[in-house]
Amino acid sequence: MGRKRTRSAYVVVEAGLLSCVDEQKNLVLDSDPDKAFADELTCPTADQLLIALRKAFSLTYPTNIFVEGQSTAIMEIRRIGVEALIHMSDVLNDLGLPPIPRPIRERQSANCHTFQFFLIPERELHVTVKFEGRKQSLRNLVEVFPGDVLVRTLRGLVSDSFAEMHDDEQHEEVLQGMRAKLWSVLPAYNDVFRDMCIEPIAEFVADEESQNQS
């Protein structure tokens, strides 16, 4: 048996700090080097992934004002999940997850998108940089959040959206299962959501729904 991996293969890290590391691996805060460490990275951004998960959480509520009908909500969760994951085939493969098939007509966008976070293999951060006169590992200088669980959760929601459902009760059961998965993961990323100006998620309380219904 192979050794069990104890660290995330991917982590979410702020892009701005990586952009302050120059070609010689000097880290100067608030700098803007011509050739930055961030430019060498080929990893995807994490913003769309986080946004999709936050939207999916809101969509799991049948009273959502943006979508009418539970089946429509599930289809919308599938759509935003596929849209966020379709360009992460390498990540899905690394994590041993089923790929996302490309749609027959893929939407093309000419717009430029700003982003704040990378979804980066943690090993990429184990480089030595010079910061305030000392050489040290970049991994020790950046705040990271687990990335694997985000990808696994969203890929799981896409799979859940294909579950066999024939009536409102079954649709509601699928939505509740999706909500439980999201609620077990997303509150740990509330600081990231705040940085992205996205509404954070309250910590899960076991009987909260029953209290709201009473």
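1. Phe57 and Trp183 form an edge-to-face pair, because their ring centres are 5.4 Å apart and their planes stand at 70°. Phe57 is in helix H3 (residues 47-59) and Trp183 in helix H7 (residues 168-185), 126 residues apart. Helices (H or I, at least four residues) and strands (E, at least two) are DSSP runs, numbered from the N terminus.

2. Phe57 is buried at 7% relative accessibility, and Trp183 is buried at 8%. Buried means under 20% relative accessible area, exposed over 50%, and partly exposed in between (1.4 Å probe, protein chains only). Ring pairs join Phe57, Tyr61 and Trp183 in a cluster.

3. The sheet is open and has 3 strands in the order E2-E4-E5, with mixed pairing. E2 and strand E5 (134-137) are at the edges, each with a single partner strand, so one side of each has no neighbour in the sheet. Two strands pair if DSSP finds at least two bridges between them.

4. Cys197 is not a glycine, yet its phi is positive, near 60°. Cys197 is exposed, at 74% relative accessibility.

5. Residues are numbered from 1 along each chain as its sequence is written. In this predicted model, local features need pLDDT of at least 70 and side-chain atom pairs count only at pLDDT 80 or more, while totals for chains, interfaces and linings use all residues, and side-chain values use heavy atoms, with hydrogens and water left out.

How values were computed
Rings of Phe, Tyr and Trp (its six-membered ring) pair if their centres lie within 6.5 Å; planes under 30 degrees apart count as stacked, over 60 as edge-to-face and the rest as tilted.
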